[in-house]
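Take a look at the sequence and the structure below. We will walk through a few parts, one step at a time.

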Amino acid sequence: MIFNIALRELRSLFYSPLAWIILAIVQILLSWKFLSNIDIFFSLQAELIKIRNAPGVTDLVVAPLLDFLKLLLLIVTPLITMRLLSEERQSGTLKLLLSSPVSMSQIILGKYLGALIFFLIIILLCSLMPLSLSFATSLDYGKLASGLLGVFLNVLAFVALGLYMSSLTRQPGIAAISTYGLLILFWIINIAGNSGGEDSNFFNYLSITHHSIQMLRGIVNTADVAYFILFSLGFILLSIRQLDAQRLQQ
Amino acid sequence: MPQLINASNLHRYYADTHAVNDLSIDLQQGDILGLLGPNGAGKSSCMQMLSGTLAPSAGEIIINGFDLLEQPNEARRHIGYLPDKPPLYEELTVDEYLDYAARLRRIPKSEIHSLREQAKQRCGLGEFSRRLISNLSKGYQQRVGIAQAIIHQPKVIILDEPTVGLDPIQMQEIRKLICELGKQHGIILSTHILPEVQAVCNRVQIIYQGKSVFNSDMDQLQKNSQIRLRLKHPPELQNLQNIDSVSSVTEIEPGHYLLDGEDILQHTSEISQLCVENGWQLSEISPQRNTLEQLFMQFTSGEQGLAEGAADDF
């Protein structure tokens with residue numbers, strides 16, 4: 001049942017031009033960034049030979065590319081997640097789901113999975129670019145995999161937050177702007193932490209950036225993975241509760 | 001006849017508004033129950049509660065033996081619901097949408113195709129399989145909404161104003177469809193159109209200010225009738241009262257009477273013959289059905305009936 005709902009979500013997404021335009025624009029921006037990264041690598045190559053243990057192509061081309069992908073996903077996610085539930089409520093189609101023998105968690109998980117698959121497609125397309133380098137040079141696949149995992153965990157969190165925001169309102173616009181607000185807050189919250197005060201560890205712990213930066217360097221820390229999973233799970237549970245509560249309040 | 005819906009003592013509050021107040025609804029197989037009421041009477045709230053999309057503040061709803069609150073998934077399997085605004089994904093085609101609706105109702109894959117074709121054929125959507133729902137006219141969108149509600153052949157079909165926005169021919173077709181569906185399913189429908197209730201329903205319930213103020217079989221309603229009589233040379237009132245089939249006579253003005261009696265409409269010819277024989281100079285004799293409209297006005301004018309009942313409550 002979850003899969004049916006996810007499939008419908010994806011189908012509607014790809015029937016609208018929005019999904020295609022997002023895919024195209026993200027792809028264009030990424031390839032531009034990719035090319036310029038390679039350019040930088042070539043111009044630095046002469047210097048790099050002199051250094052012992054110099055950073056390789058994975059560090060200089062792939063890591064910045066994935067970092068840029070995270071930024072793009074931060075911008076794109078709210079556009080996709082804003083309509084997940086708010087549009088269904090506004091157009092009345094939510095009543096079809098609510099009057100069917102489907103539980104609230106199935107509805108929420110179906111929507112979550114549907115949006116997630118879309119972002120997996122973006123990540124997959126993006127990962128083809130670094131992989132194309134493997135024809136010419138040797139890549140550090142471990143680092144590439146950990147970087148991609150980092151991006152994926154980021155998406156898990158972004159979509160969960162966006163879904164919850166979408167469950168709170170009928171207006172997709174409001175859902176989008178509140179998702180932006182909270183995502184950026186979690187993105188920059190450790191700026192306060194970096195000042196080195198007593199609370200710095202706490203703010204660092206809350207920060208999305210703090211938890212994903214290590215993975216670009218090839219370090220997968222269970223604490224970081226746990227952070228993203230807890231973050232996503234928390235907002236999924238909140239969305240289920242919210243959907244259930246709406247039948248009572250309205 | 002198996003009991004399909006047994007909803008008792010439903011209450012629903014919106015903030016301070018008591019939208020549904022101690023409402024009970026029963027539905028048996030083969031019933032087509034018409035819910036009537038002015039705007040804001042609580043019809044839609046009531047139907048939303050029965051369909052499981054709105055939780056009641058208090059009360060109990062049993063659908064085909066399953067408690068809607070305790071066993072929601074079992075109960076909802078037997079419900080087909082058309083809200084006041086059809087829940088359509090406009091970017092899908094008719095077939096895609098109906099397939100999705102069928103899958104949501106947990107119909108096995110092998111049966112989806114045949115059930116979808118059957119629902120389409122019943123709603124006259126045969127040629128529209130591959131059309132986008134957003135490109136259909138309002139009437140056809142309404143039909144897709146009905147098809148969605150009947151595709152899984154539920155025991156209970158709840159239709160919130162099913163003929164709104166349709167042209168007269170489509171209205172006729174939908175009414176015919178509802179009558180046909182009513183033979184195997186139990187149907188609740190709400191409407192503003194009183195003749196519609198008379199045409200399709202076999203039971204009627206009038207809701208006013210969240211309360212049920214009238215609940216009766218249509219047959220009962222039909223029996224409750226009078227004869228209107230106009231005479232140019234009226235006799236003494238006593239003479240009219242002495243007619244066998246007449247139990248009471250109301251004089252509206254001299255020469256203009258309403259005759260009451262059991263099954264009095266069966267005796268129209270005898271009465272007219274009497275008038276001729278006695279030279280009362282009959283100028284009008286007509287059946288005077290106790291129409292829904294009269295009842296509706298009577299119960300929802302806020303002065304009679306309910307107002308007294310409400311006064312007792314406070």
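How many residues lie between E4(B) and E5(B) in the hairpin they form? Keep in mind that this is a predicted model. The hairpin has 2 residues between its strands. Asn64(B) is in the turn, and its phi is positive, at about 50°.

Now follow the strands on either side of that turn. E4 covers residues 58-63 of chain B, and E5 covers residues 66-67. The two run antiparallel, joined by 2 bridges. Across the pair, Ile63(B) stands opposite Phe66(B). E4(B) has another partner, strand E1 of chain B, residues 3-14. These strands also run antiparallel, and 5 bridges join them. Here Ile62(B) of E4(B) faces Asn6(B).

Next, turn to where the chains meet. On chain A, 19 residues are in contact with 23 residues of chain B. Helices H1 (2-15), H5 (94-98) and H12 (222-248) of chain A each supply at least two residues of that side of chain A. Its makeup is 9 polar, 7 nonpolar and 3 charged residues.

H1(A) also packs against helix H6 of chain A, residues 104-132. How are two packed helices described? The angle between their axes and the distance between the axes are used. For H1(A) and H6(A), the angle is about 45° and the axes are 7 Å apart. H1(A) brings residues including Ile5(A), Leu10(A) and Leu13(A) to the contact, while H6(A) brings Leu113(A) and Phe118(A), among others. The residues of this contact divide into 11 nonpolar, 3 polar and 2 charged.

Key. Residues numbered from 1 in each chain as written. Chains lettered and ligands numbered in written order. Predicted model: local features only at pLDDT ≥ 70, side-chain atom pairs only at ≥ 80, totals over all residues. Pairing = 2+ DSSP bridges. Helix = DSSP H or I, 4+ residues; strand = E, 2+ residues; numbered from the N terminus. Contact = placed C-beta atoms within 7 Å. Nonpolar A, V, L, I, M, F, W, Y, C, P; charged D, E, K, R; others polar. Axes fitted to C-alpha atoms, helices over the stretch in contact; angles between N-to-C directions.
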